[in-house]
Structure formats: structure tokens, C-alpha cells
Amino acid sequence: MGVVNPTPDSFSDGGRWTEPGAAARRGYQIWDDGADIVDVGGESTRPGARPVGVREELDRVIPVVEALAAQGVVVSIDTSKPDVARAAIDAGAEIVNDVTGLADPAMIELCAATDVGVVIMHMQGEPRTMQHHPVYDDVVADVAAFLSERTNRAVRGGVDRSRIVVDPGIGFGKAFEHNLALLASIDRLGNGRPVLVGTSRKRFLGTILERAGRPHTPDDRDIATAATVALAIAAGAGAVRVHNVGGAVDAARTADAIVRTQDRA
Ligand code: PMM
């Protein structure tokens, strides 16, 4: 899954694709680079980010979704607002990626009625404050239980279980150690559903690189991201969400080839 954020303030690519034509071109480029899905998001969820209104989010994403879907690109819409998700589905989006894990019952209804693919992500708290002091009893067990509970709730609401993918929400209300623990336990998170992992350019990678005295702007984190992609795929992740698709595709294919070779041996 490649990422395009037509926002002014996303932590990695914010401000680069605010013009819809530029965002759509970026989406095609990601598709060309080998993404199977292009994820379009109009509201930054970076720590401390302020919410945006429905109208503004629609203005940012709908032209981009329309343009990409018209070219045959498989688009997911990264939103927690049912009104935005509905308009995006009408514009051709096939997947709803909800960082609140379908917290709004209207989102469950919409996903059930439209038969889209669904990403249920875990977040502790809300973006404005989520990094202040995240606390868990046992982060892996707590996140796995949340994902299982939200999956079951969606299924009870009419969403086909086979259409659901779960995501531990790396960096969403998680301290450095929480992120590492989750990435080391991907096999325990899915409860039978495929796991999507989004590590791309995130702060915890900056922390690792800083500790080693390495540069650490978000764009400098692509090789570190590729390491997480390979490890995630080797650990059984079903999908990864990244900004630099070309590099991640190479890393994912390599890991996949090695793991499959072992399966055959
Ligand atoms: N991370 C971001 C945004 N949306 N969605 C899912 N499912 N998983 C993630 O890890 C995730 C997400 C962070 O912001 P970005 O769009 O700038 O990468």
C-alpha cells in the first residue's frame, strides 16, 4: 500500500501534494512503482494534529480518488469520517482505511452496505494527545484484543469478515518500546485476519537512527523502513503501508522469496 496525503501537514509528505493534479500524479507514480493499493488521506493524523472538517477533507481527497480510480488504480481512502468514506466510495475507492478502527457505527453500516475492503487500525487516544503518555498492561495482548473486538463488532454489523484487515497502528498512542514490541509480535496480532503494518518513516525509526548518530529527517528513514518491511513480511504481515514504494517492493519481494523458499524446503 503506497501513501499519498494531499494535506498541508502530514509528517512525511505533507505540503507536497496539496494540488489535486500533483497528488494524482504522485498516486500513478506509486502505482507504477509496484503498489497494489494507493491510500489517499486528507486529514493528518500526526501527533498533535488538529482535526479538519468534512468539507475540507472532501475537497482534498475526492478529486484525487476520482482521477486515480478512473485510471484503474485500486484506491483506499484513509479517513474516519463516514461522509468522506461514502463520497470516496462513490468516486471509486474500494477500501476504507479507518485509523479509529470503525469507532463510528455509521462507518460499520457504510462498509457493510458497500462491500468494500476495510482496514481496522488500533489507536490509543486521539492524534492531538496520543503521544503524551501511552500506557498498556501488555501492549501486544491489549492491541490484539482490541483488533479482535473491533473485527467482531464489524462482522456483527454486517461486514464480511473476509474483507477485514487489521493494523496495530504503529506510532498511534505508542511509546518507542510499544512499537518495537508490536513489530516483534506480528504473528500474535491478527486473530486469523491479515495484518497491515505501517512503519514508514515514523518517529521510532528516527529514534533508532539518532541513537546511532545518523540523520533522521523523515525522508532519511527509507532504508530503516525497508528493514521493517522485510521483517514484517517475514513475520507474516499481509501488507505494508509505505511512502517509498519502489524500495519497499524490493524489500518485500526479497523477504517473501526467502520465507517461501523455507516453506518449500
Ligand atoms: N499511519 C498513518 C496514517 N494512516 N493508516 C494505517 N492503516 N496504518 C498506519 O500505520 C497509518 C495509517 C501515518 O501518517 P502518514 O499518512 O503520514 O504515513
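A crossing of two helices is right-handed if the near helix is turned clockwise from the far one by less than a right angle. In the predicted model described here, the crossing of helix 3 and helix 4 is right-handed. Helix 3 spans residues 82-90 and helix 4 spans residues 105-114; their axes come within 9 Å and cross at roughly 20°. Because angles under 35 degrees count as roughly parallel, helix 3 is roughly parallel to helix 4. Helix 3 contributes Pro 82, Ala 85, Arg 86 and Ile 89 to the contact, and helix 4 contributes Ala 106, Met 107, Leu 110 and Thr 114. Sorted by class, the residues joining helix 3 to helix 4 are 6 nonpolar, 1 polar and 1 charged.

Helix 7 takes part in two further helix pairs, one with helix 6 and one with helix 8. The axes of helix 6 (residues 176-183) and helix 7 (residues 203-211) cross at roughly 105° and come within 10 Å. Angles of 65 to 115 degrees count as roughly perpendicular, and helix 6 is therefore roughly perpendicular to helix 7. On the helix 6 side the contact is made by Phe 176, Asn 179, Leu 180 and Leu 183, and on the helix 7 side by Phe 204, Thr 207, Ile 208 and Arg 211. This contact of helix 6 with helix 7 has 5 nonpolar, 2 polar and 1 charged residues.

The axis of helix 7 also comes within 10 Å of that of helix 8 (residues 222-234), with a crossing angle of roughly 115°. Helix 7 is thus roughly perpendicular to helix 8, and the crossing of this pair is right-handed. Phe 204, Leu 205 and Leu 209 of helix 7 meet Ala 224, Thr 225 and Thr 228 of helix 8. By class, the contact of helix 7 with helix 8 comprises 4 nonpolar and 2 polar residues, with no charged residues.

The ligand is surrounded by 16 residues, of which Asn 5, Asn 97, Asp 167, Lys 202 and Arg 241 are the closest. For Asn 97, a polar side-chain atom lies 2.7 Å from a nitrogen atom of the ligand. Asp 167 likewise places a polar side-chain atom 2.7 Å from a nitrogen atom of the ligand. In the case of His 243, an N or O atom in the side chain is 3.2 Å from an oxygen atom of the ligand.

Note on methods:
Residues numbered from 1 in each chain as written. Predicted model: local features only at pLDDT ≥ 70, side-chain atom pairs only at ≥ 80, totals over all residues. Heavy atoms only, no water. Axes fitted to C-alpha atoms, helices over the stretch in contact; angles between N-to-C directions. Helix = DSSP H or I, 4+ residues; strand = E, 2+ residues; numbered from the N terminus. Parallel < 35°, antiparallel > 145°, perpendicular 65-115°, else oblique. Contact = heavy atoms within 4.5 Å. Nonpolar A, V, L, I, M, F, W, Y, C, P; charged D, E, K, R; others polar. Near = heavy atom within 4 Å. Polar contact = N/O pair within 3.5 Å; in protein donor to acceptor, adjacent residues only side chain to side chain.
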